[in-house]
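Please view the sequence and the model together before reading the points below.

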Amino acid sequence: EAKTTLSNDLVSSPDDDLFDEIERYIESLNIQMKRVSNQASGLVRKSKEIANGLFEFGLAFHQLGQSEGEVLGKKLQLVGSTADTLSGLSAQHADAEWKKLEEPFKDYLKMIHAVKLALGRRHDKRVSYTALLHEIQTREVNLHRLRMSPGREGQAYSTEMSIQRYQAAAEVAREDYAECSQRVLREVDRFKREKAEEMKMVVLEFITLEIELNRSMEKIWGELVPQLEEGSVAVGGGGSVDASSSVAAASSSAQQATMVNLPPMPATSQPTYSNIPVASDPMMESSIQYRDNNIVGMGM
């Protein structure tokens, strides 16, 4: 059984150094756990934002596909449907993160708060026990003074009886204080063991959750790729062109072939004048020919 003595203002015991270390540990752990909990909440919030973003992304592609129509429109709508699927998957993932990551850290904060309350109760019992010891010391000094004063035997007897009552109360307080101290030590030790094991499980579950999400998203995107590549034809150099581009090219070639096979246009007949000499310069053959004002019957 640990003995207690008065030191400074509060009663001291051999376990005081151990409790001081526990208090520092719990205070530091509380700060770090709050930081991790806030980051976990932020991660869940970002996952929900990603789910909403994918939904808006899918909606935009659906509307774009409806405006395009035909082959391109169908493929754009496929992208929109895939984004919708990923949006639902991300929303489920955010809920799983909340249950397996955010909530456990909030529970740890509650457990830390409970340990701090237990340490506070021990401190309160320590203060109560110390107060009783101080009161006993004060009454013992007063009793000694009364016994030295003649004619005050009655007051001395009354003070002595009150000292006995305070001593009995102090003994109860001492036992209560010692029991509380041992209980706190057991709870802190159990908290450390369970926290280490549970923390490992939380981290492993979170990693597994992230792996499953990324695999599922990769699979969904991978299934979309061959659907988008359908209707493409190979071209030189390992590339490909869409079937609609091939149809457009074939149509253009057909138009060119039709234009080539058209019969030549007949030459336009021009009026000839026998009295106009032929131009000797070949470059003048295609020039504008003016009539001669000296020809009879052609004057103004």
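The model is predicted. Its largest nonpolar core has 20 residues, and helix H1 (16-68), helix H2 (70-147) and helix H3 (153-229) are the elements that each give two or more residues to this core.

- Within the largest core, Ile26, Met33, Phe105, Leu119 and Val184 touch the most other members.
- Helix H2 supplies the largest share of this core, with eight residues.
- Setting aside residues up to four places away in sequence, Val184 is in contact with Phe19, Ala118, Leu119 and Arg122.
- There is also a second, separate core of twelve residues, including Leu132, Ile136, Ala156 and Ala170.
- In soluble globular proteins, nonpolar side chains tend to be buried together.

**Nonpolar surface**
- Met201 counts as partly exposed because its relative accessible area is 40%, which lies between the limits of 20% for buried and 50% for exposed.

**A buried serine**
- Ser47 is located in helix H1.
- Ser47 is classed as buried because its relative accessibility is 9%, and the buried class covers values under 20%.
- Leaving out residues up to four places away in sequence, the contacts of Ser47 are Ser90, His93, Ala94 and Glu97.

Conventions. Residues are numbered from 1 along each chain as its sequence is written. This is a predicted model: local features need pLDDT of at least 70, side-chain atom pairs count only at pLDDT 80 or more; totals for chains, interfaces and linings use all residues. Side-chain values use heavy atoms; hydrogens and water are left out. A nonpolar core is a set of buried Ala, Val, Leu, Ile, Met, Phe, Trp, Tyr and Cys residues joined through side-chain atoms within 4.5 Å. Buried means under 20% relative accessible area, exposed over 50%, partly exposed in between (1.4 Å probe, protein chains only). Helices (H or I, at least four residues) and strands (E, at least two) are DSSP runs, numbered from the N terminus. Contact means heavy atoms within 4.5 Å.
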